[in-house]
Structure formats: structure tokens, C-alpha cells
Amino acid sequence: MDQILTHNFKVMNAARLNAYLGRDGYRSIQKIFGMQPEAVINEVKASGLRGRGGAGFPTGTKWGFVPKNLPLQPVLCINADESEPGTFKDRAIMERDPHLLIEGIIIAAYAIGAHEAFIYIRGEYFRPYLILQAAVAEAYETGFLGNNILNRGFKLDVTIHRGGGAYICGEETGLITSIEGFRGYPRLKPPFPAVKGLYGRPTVVNNVETLAALPYIINEGAAKYASVGTEKSKGSKLMSVAGHVNKPGVYEIPLGMPLITFLNEYAGGVWKNRKLKAVIPGGSSVPVMTAVEARDTLLDYESTAQHGTMLGSGGMIVMDETADMVMALKVLSDFYHHESCGQCTPCREGTGWINKILKRIIDGQGQKDDLEMLLKIADNMVGRTICVLADALAMPVKSFITKFRKEFEDRIKG
Amino acid sequence: MPTFTIDGKKIDAKDGTTVLQAALANGIFIPHYCWHPLLSISGNCRICLVEIEGRPKLEVSCNLAVAEGMVVRTNSDVVVAARKDVMEFLLINHPLDCPICDQAGECLLQDYHFKYSKRGSRFKEEKVHKAKVVDIGPNVKMDQERCILCSRCVRFCAEIAKDSELTIAQRGDSCYVTTAPGKRLENPYSLNTVDVCPVGALTSKDFRFKKRVWFLKQVPSVCPHCSNGCPIWIEYEDGVIYRWRPRSEDVIREKYIAPSQMGITNFLCDEGRLSYKEWQLASRIFEPLVSSEEGFKNIGAIEALRLVKNAIANSAETVGVISAQSSCEEADAFIKFFKSVYRTKREPKAASEDDIIIKRDKNPNANYLKSLNIENLPADVTGDVLVIVDTLPEDDMMKVVNFKWKLVVQLTHDRSLIVPGADIVLPLATFTEKEGTLVNHAGVRQSFSKVFEPKGGTRNLVEWVELLKK
């Protein structure tokens, strides 16, 4: 497999324009200007590229939702908020190959007819922000961004907007609201962003990794991209792996790779010669898997779904046999409780309630019916809120307790 | 016009209406906290979740546009269960201090709990504690623990009062409504936040701890404080008015929705709402008064009438001045009785005004008097007897005080309104002690009802005129 997303990762100074150009950078821009925007959308549809932020929605289809011939110009938002615990793959792209992202932004903007793009970058990502900002400045200086890109008459301005440190601003409508200067509340849908998003304009929100795949698709063709991966999960994926492994880091894999192969061959296997206990495959909000479940799971959208979890953002958290699952769940609930925006009743109240019960169990004050209560609260939260933050805590709660119930029971018994 | 089915009932809905609106308009009640007919849709409380055939998740009916052929269930098992769950979530951190809460009796948490939940609490943890009795503005106090964060008050300030004084701070269950930095809740409409608040989080400083709401009786009326003529409920008990609240025509028409469930669909300015106090001041006049060297003295009604009638009978010219505070019926009777009648109105020096609902003209019936073909009080007015209804503004006062009238009679309800030089004062029934009609600035005729019988020896203007005729 070609290195689609990571081919510059080991190149010295690839973040600088000269090095990037020396690696055939911005080649796709000349090509798309010879294509109709519709043709670009069709190429991306044919590639089978799906959103890499976590939801896995087909990118070309998403672009197709932008209504044509509206009086308001569409806007492109780039989700670089990457705040899901366990996920740090977008950071790698922005630090090591920022021009790849900018190139992808130009392609996407051209396809949807946007002349403004806003990169919403996680506030804590200060170093990636500086690198990306320098790259944007270089792109302006050399005519890859600005009023008349490569003298081909296409205008695109890119603005980098730093977040203030809220997880919820990575939710696409929360992100839009935040850029507008309001509290980062996710918005009620409909209207969907494609129709009425940033400043009331049609808006597409794409993840960094999604956009970074576009230059390859344009340069090499949809068919070549689609030849990587599986029938329904096409292309490559960046996995960021952390936790009890020997080689935590960011790795590019073809979709469909067996989880165990990835764990052993890329991440260097479970550390300290210990046994695998649990894996959260795609960011902390997806259901946890036991070692047995992980054994025959493939890293693609379908196989993870069949195993009751999700590929999500590809932020893998590995836990060895010594991991305290009660404590792990409590830590997760600390996070989601802290990050609930507080808008919807079930999430605002449910995350706090769950957190308090888990704290009590950790403190040795657990009661017999606590586990049933936790499961009930989680059930009452799922699918009943504006965004999926409620589900993001409910799913770990349900999966941790059902799959590692004995550990919880033992903790309650004391 | 899409036709859709809700709880087995086929409904033709207007294009663009939501399931919640269509349901309410057709007598199907879906509970709601954050949705309010005057405000933008927020969709945060999640109590209005309904089931739609063919869709995997429950959806909030407040943001769900009706579509042709849509089948909605508001009472299926999943919906009933989801509502119970939302009620449970809303109450876990609520202080449950109904016995000392002013909202008790008109609280949507209480109402919905009994209607949709009735479940005891399963919450064993320490509740989240927040600030109580927060002084957020001249008219409103806030209890952040009682708040369910529906954001109605925040949206009211931003969207209706056009002054974003309120906001939500913090996140998750630490969220609380507060005033924006450096601001207080002091827009001219601040007390409407108390009305739109479905719970006891925002309370009126004027009304707090004065009366349990279930003792209050309601009479429909019209606010007489300015020429806008906002429909109101006068709420009273045992001869005392406790508060005025906005009244919506929709609520009256659609009787199946109790006002507390519907919330308001109209609003009042604070100034008008608190103007009820004018009608029950300590300086209220209950008996006829006659001026003497020691000031005004009570005088029997028979004696007072005799004096006034004699003076009018012996007067070559009796001048009547009718105020735009009077009802249409009063003005008609007055004009019929006196030959020479002029009009006047209250003109406070610093009259408030805006382009929302507050009108500069602080009289409820000026439009009607204008239509009667009577002149403003002229500068050179003369005669023998002067009969003033209500009171005179400073300008009009200057026109009459320097002339030597044989007798100046004033019909008014409060000592503070007596004009200098008045010889006899006949006590007038207040606005709340009579019924009648008013014509507002836009020419809309509205009737108002009597709340109490006139107190003491007071009578309304029509009756005084009748007595003078005899």
C-alpha cells in the first residue's frame, strides 16, 4: 500500500513549503482546476472516502448535500479540534505535513464552491497551531491561497480559529457555534449545516484526516484509492494507539487490517509481556472490547460494528491484564461529565449522576443495586439528546459493566 | 397542507408548523419546558419527545416539522417511559423545596411530575449546590438550584426585550443562568422572565412570599397603564390585588390549555405590570371630601351631591373636563350630561417609550376621546363651575388654577391626584372596581371586567353622573 497520509511524515522539514513542493506537493491543485467541481465530487464519491472524524459518513455524499445555486456562498469548516481521549492522529498531520491538509482544503473548497475555510483547531494544540499557521502563511505568499490561486481565478481564504478547550466544540454544530463566538452548544437539527451552518450559510465540516486523503485521490485516481481497504471501508486510516503497548504512536494502515495484527506488528504488542485485557478501538466514547472480542475483529467500519463497537476516530486505547476497569470507567465518566455542555437534560444530569455513583463505588461505598442503576441511567441517556455526547458516556458505561461485571461486583462487595 | 396522524387522529396542519404546535392546536397536549410560543426553538429540555413511525429514535416534537403521511405517537410506551426518565433527570439536582417555593401550584415540574411521572427519586447522591436568592435585578430574584436550564429567560431577554442581559455560564450540571458580566437584569420587561420561567428559579420581588397562588382568583382585563392596552389577568384575593399577568387571546380561545401549562403568549412591561399598586394606595379616597381651612374633610354623599347640584343649577356655564383615563361608557355619560366638555390626559414628565410595546401616551383611552369631537382644554377656559374627572397634568392645571371658579369639583380615586383649588372631591371607583371598554392606540376596542365592588362610598363616573342628574 502507498503511504497515502504519511508519505511525508519521516521527511525532514516536510512542514515547510519547499520540502513539500519537492515531494510533489500541490500537484493536485493544477489538476482540479481543469475539472468541473461536480467531477471532483464524483471522484471523491467513487473513492469511497468516509469521514475520518469518527462517524464514517461518505465524504462525497456529504458534499452533495450542499444546495446548488443558493444566494449564500458555502463555507468549509475543518474540524481540527481532536479532543476525543485516545485520539492524536490529526495532530500528526498538522505537525508533520500541514501543507497536505491545506492542499486537501483547496480541493474540498473547490468541489463545494467555498471561498472561505475555517480551521477550528483544538486550543491545547499550540505547537500544531504555530506550524499550521506558518504553512498557511507560506501558501498565501506563494499563491496557493488568496484571491487568485495559481492565477486560475479561484479564491480561497483560510482562517485558523483556536478553540477554548471544550470537547463539545469538536461536534460539528458546536464547532460552528463556537466559531461564531457563542457558547459551544451543538445545534438542533434540522436545519443541517449543509443547508444552514456557519453564519447561516451552507457549511461542510470535514475532519483533518479526511481532507488529507484528497490529494492522493485526485492525483492517483479514485480507483487506486479504493483498491486499498475492504469492500465498504475503502482507503487507509490513521490509527493513534496509546495505553499499555510497547510502541504507542500514529500509524497508517489499510482499512480491514486485523486488530491483533495492528496491535502486535505496529504497536509492538502489549507491554511488559502482559496479557491483553481490553481495547477501546476508536476513541474513548466507543464501546470497549474484551481481549476475546478483539481477537477476530478487523479495523474497518463494518467489522467493528459487527463486534458491537465502532472504528470511530481510530484512537485506540489498549489495556493490559492489570488495568482496573472500574477506575478506567470512572476516569472516562470524569471526562464526559466535565465536558457535557449542559444543554440537554439527559446528558447534563445523567453524566453527573453516573460520575457520582462511580466515585462512590471507587470510594468503597458501592451498593448492590448501583450497577443496575448505572445501566438504567445510560439507557435513559442514549439517543435522546441534541448531539451524541450522552451516548459517548452511555456506551462505555454499558460496555464496561456488561463485559467486566465481575470486577465491578467485586469492588462493590469490597 | 400536509395531513399527518397523531395518536390515531388525522390532522391537517399548516405548512411549516411543528408537530408540537399542530398537536396543541388540535387538543393534544405534549408536555414542554423549553419550547415557548414567543421564543425561538431550543430543544434542550427533551420532555416533548415523541415517536415517529419508521424512525429509530424519539424526536423532539418542538423542532419536528409535520410532513405528509407522518405518523406520530405521543403516548406510546417508549414515549411515556422517556418522559418519566426526563422528569427523573430534571429532579435529581432540584432542591424539591416546594413548601417554601413561590412557584408551587403553578410549577411545571410539579404539574408534569404528577401527570407524567409520579416516581419516587432513585437518586442517592449529594445534589449539586448552586447559588440561591441571587439579586439579579431590581425586580427579580434567582434561585439557581431550582433552575432546569431551559433557557427561556435567556432567549426572552435576547429575542423579545432585545437586551441580552442573561446568559448561561459553566458546563454540564454546573451550568447556571446568570447575568452577563457587568450587567443586571434591568430591562423594562424583566418580570416576564418570571412568567416564562416554568419553575421557581426566577421570582418577582414584588410578589415573593405574598400569596400562595392557589388562593388567587383571576379576572380578565386590560392594562390601563399606557395606550398599548395589553390584555392582562388581574389576580386577587379577599379584596386585594396581588399581581397582574399577561393574558393571551389564544389561551382564552383554546380553553383546553390551562394558562400555567401554556405559559404566556403575550407579555407586559414591568412598569405596567406593577402599576396595579396605583389602585390600592393608602391615600385612596373612600368618602366625598370638602375643602376647609384645615384641609379636606369627609362630607356625607347627600350633602356633597346637594352642594354640587346647587352650584351646577345656578351656574351660567359649567365646564367639564374628562380624562383619557376614563372608559368609553364613562366618557359617553359625562359628555351627555355636560354641555361644555374638554378632554385631558395624564402626561408624566419622564414618560417611557420604546418600539416594543411601551407607548409614550400613558392613557388607556385617549384614542376614544379623540374620536368624540371634543377639544383639548383651551388656555382661556372660563365658567362658573369646573368639573374635573381623574386629574389634570401640569399644563392643564396652569390653565384653570388662576381663574376664580365658583366651585371646582373633582372626581378621582386618590388624594395624590387632587388638583389645587378643588372644593369638593367625589370618590371615584378605581379601574378595578368597574367594567367598561377602552380603545387602544391602534383603535382596538377591548373590554375590561370588574374585579371588586366599589369600596366605601366610591362610585364609578356613570353612577355619579346619574346621581347628579336626579
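This is a predicted model: local features need pLDDT of at least 70, side-chain atom pairs count only at pLDDT 80 or more; totals for chains, interfaces and linings use all residues.
Start where the chains meet. On chain A, 25 residues are in contact with 26 residues of chain B. Three elements of chain A each give two or more residues to this side: α15 (325-339), α16 (345-362) and α17 (370-381). The largest contribution is that of α16(A), with 10 residues. Sorted by class, the side of chain A that touches chain B holds 12 polar, 8 nonpolar and 5 charged residues.

Next comes the core. The largest nonpolar core has 255 residues. Leu76(A), Cys77(A), Ile78(A), Ile105(A) and Val318(A) touch the most other members. Helix α6 of chain A, residues 98-112, supplies the largest share of this core, with 11 residues.

Take Cys77(A) for a closer look.

Now turn to chain B. Its helix α4 spans residues 152-160. Buried in α4(B) are Arg152(B), Cys153(B), Val154(B), Arg155(B), Phe156(B) and Cys157(B). Two of these names are arginines, Arg152(B) and Arg155(B). What covers the buried residues? The cover includes three strands of chain B, β8 (166-169), β9 (176-179) and β10 (202-204). Helix α5 (192-196) of chain B is also part of that cover. After α4(B) comes Lys162(B), with a positive phi near 55°.

Key:
Residues are numbered from 1 along each chain as its sequence is written. Chains are lettered from A and ligands numbered from 1 in the order in which they are written. Two residues are in contact if their C-beta atoms, placed from the backbone, lie within 7 Å. Helices (H or I, at least four residues) and strands (E, at least two) are DSSP runs, numbered from the N terminus. Ala, Val, Leu, Ile, Met, Phe, Trp, Tyr, Cys and Pro count as nonpolar, Asp, Glu, Lys and Arg as charged, and the others, Gly among them, as polar. A residue is buried if 20 or more other C-beta atoms lie within 10 Å of its own, exposed if 12 or fewer, and partly exposed in between; C-beta atoms are placed from the backbone. A nonpolar core is a set of buried Ala, Val, Leu, Ile, Met, Phe, Trp, Tyr and Cys residues joined through C-beta atoms within 7 Å.
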